[in-house]
Amino acid sequence: MKRVYNFNAGPSAMPLEVLKQVQEEFLDFAHTGMSIVEISHRSAAYQAMQDDTVCMLRRLLRIPDGYHIVFIQGGGSMQFIMHAANFLKHRGAYINTGVWSDKAMQAAAFYGETYEAASSKADHFTYIPEAGSAVIKPDTDYVYITSNNTIHGTEWHDFPSCNVPLFCDMSSDFLSRPVDISRFDLVYAGVQKNVGPAGVVVTIIKDSLLVQANSQLPLMLQYKTYVDHDSTYNTPPVFNIYFVNKVLHWLDAQGGLKEIEKRNIQKAHILYQVIDESDGFYKGHAVPQSRSRMNVTFNLPTPALEAEFVAQAAEASLIGLKGHRSIGGCRASIYNAVTEEGCQALAAFMMKFQKNH
Ligand code: PMP
């Protein structure tokens, strides 16, 4: 078996230890004599695992009392709809930092008025606007941000404080660092970057927000349905939640979010240093103070060189370096499961490639 260095943006690298453990347990989950994909989601064995998953999320993220955690299908894109369906009454404010905030705002417009409270669109989403620069109109129901912009390679390092509820799409940096959840009223994250296989979203919702939700919606679109039925109103994505559970235990064993943040800072530093010391051969897309620790985006002098870079890297077992189709260029996604060794290998390749061109 030959594993490659995986820099895919999502679905993306998962910890090897977890993959092996899942493989080992696949035929016999929790001594049931059945696979996790064969047992009832109403069984005690399943429920214990789901409860433990919620517990681990609470513990790792230090989620305070007064919040519920639920598992929802439909990906981040369903959350683009649900947050607005439940909470957009007068107007929703969006800090537009990239394609995914833009899409959330577009989806929300189906339910009411949306507006950009701040935006870096005019500058190709190269930066995160100053936390205090957002202009919030009267009767705004919430402010919406995207903590990490997967495509553009920018990340919020200092969250805004507002006097209206704060919503955050944390899909691409969820569990990559400690976050003060009490700053937020609604947080959601598709798990397919740092935490598991695509197919489930973790949503963390404040009880004081939940009571304000629109109750005139189909049940499956109401957050309350998931809270009231402990995420099992219908069949939850059992395998995904099980996998997430394993990753959470892996994270805990690594030393938790402070330790993983330390590693992520170091990994990102290795790559940004190559970019910064390349005399302009590699040009970072994001301005330095807004750089993402998860997605390192950069350009080479020409698109032809970028294509050659991606192809030669793949030959060297460095996979997934092509930038998103909407902006081109190159992108190295270095989520929790990508090792420092992987980043060192990519850095060495980048320096060699530059030397040869
Ligand atoms: N938000 C962010 C930050 C993303 O990177 C993505 C893409 N995975 C989405 C939302 C959309 O998620 P999904 O493909 O699960 O709908």
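**Chat about a predicted model**

Colleague: Hi! Which residues are buried in helix 8?

Modeller: In helix 8, L257, I260, N264, K267, A268, L271, Y272, V274 and I275 are buried. Buried means that 20 or more other C-beta atoms lie within 10 Å of the residue's own, exposed means 12 or fewer, and partly exposed is in between, with C-beta atoms placed from the backbone. Helices (H or I, at least four residues) and strands (E, at least two) are DSSP runs, numbered from the N terminus.

Colleague: Anything I should know about the model and the numbering?

Modeller: This is a predicted model, where local features need pLDDT of at least 70 and side-chain atom pairs count only at pLDDT 80 or more, while totals for chains, interfaces and linings use all residues. Residues are numbered from 1 along each chain as its sequence is written.

Colleague: Thanks. What covers the buried residues of helix 8?

Modeller: The cover includes helix 2, helix 7 (238-254), strand 11 (283-284), strand 12 (295-299), strand 14 and helix 10. Contact here means that the C-beta atoms of two residues, placed from the backbone, lie within 7 Å.

Colleague: How far does helix 8 reach from its first C-alpha to its last?

Modeller: Helix 8 has 21 residues and reaches 30 Å, close to the 30 Å expected at 1.5 Å a residue. The expected span is 1.5 Å times one less than the number of residues.

Colleague: You mentioned helix 10. Which of its residues are buried?

Modeller: G342, C343, L346 and M350 are buried in helix 10. They cover an arc of only 95° around the axis, so they sit on the same side of helix 10. That arc is taken from the directions from the helix axis to the C-beta atoms.

Colleague: And which exposed residues does the face turned away from that buried side carry?

Modeller: E341, K352, K355 and N356 are the exposed residues there. Over the buried residues of helix 10, the cover includes strand 1 (5-6), helix 8 (256-276), strand 13 (318-319) and strand 14 (330-333). The helix span checks out too: the 17 residues of helix 10 (residues 340-356) should span 24 Å at 1.5 Å a residue, and the end C-alpha atoms are 24 Å apart, which agrees.

Colleague: Let's move to the ligand. Which residues are around it?

Modeller: The shell is G10, G75, G76, S77, W100, T146, T150, D169, S171, S172 and G190. A residue is near a molecule if its C-beta atom, placed from the backbone, lies within 6 Å of it.

Colleague: Which element gives the largest share of that shell?

Modeller: Helix 3 (residues 75-87) does, with three residues.

Colleague: How do the shell residues divide into nonpolar, polar and charged?

Modeller: One is nonpolar, nine are polar and one is charged. In that scheme Ala, Val, Leu, Ile, Met, Phe, Trp, Tyr, Cys and Pro count as nonpolar, Asp, Glu, Lys and Arg as charged, and the others, Gly among them, as polar.

Colleague: G10 is in that shell. What is the peptide bond from G10 to P11?

Modeller: That bond is cis, with omega near -5°. P11 has its place in the loop between strand 1 and helix 1 (16-25).

Colleague: On to backbone angles. What is phi of L175?

Modeller: Phi of L175 is near 65°, a positive value in a residue other than glycine. L175 lies in the loop between strand 8 (166-169) and strand 9 (186-190), and L175 is buried, with 26 other C-beta atoms within 10 Å.

Colleague: Where is D230 found?

Modeller: D230 is in the loop between helix 6 (223-228) and helix 7. Its phi is positive, about 50°, although D230 is not a glycine. D230 is partly exposed, with 16 other C-beta atoms within 10 Å.

Colleague: What does Y46 touch, not counting residues up to four places away in sequence?

Modeller: Y46 touches I39, S40, H41 and V238. Y46 lies in helix 2 (residues 44-61) and is buried, with 21 other C-beta atoms within 10 Å.

Colleague: Last one, the whole chain. How many helices and strands are there?

Modeller: Ten helices and 14 strands. Buried residues make up 45% of the 357 residues. Of the contacts with a separation of 6 or more, 66% come from residues 24 or more positions apart. A compact globule of 357 residues would have a radius of gyration near 21 Å, and the chain has 21 Å, which agrees. That radius is taken over C-alpha atoms, and the globule rule is 2.2 Å times the number of residues to the power 0.38.
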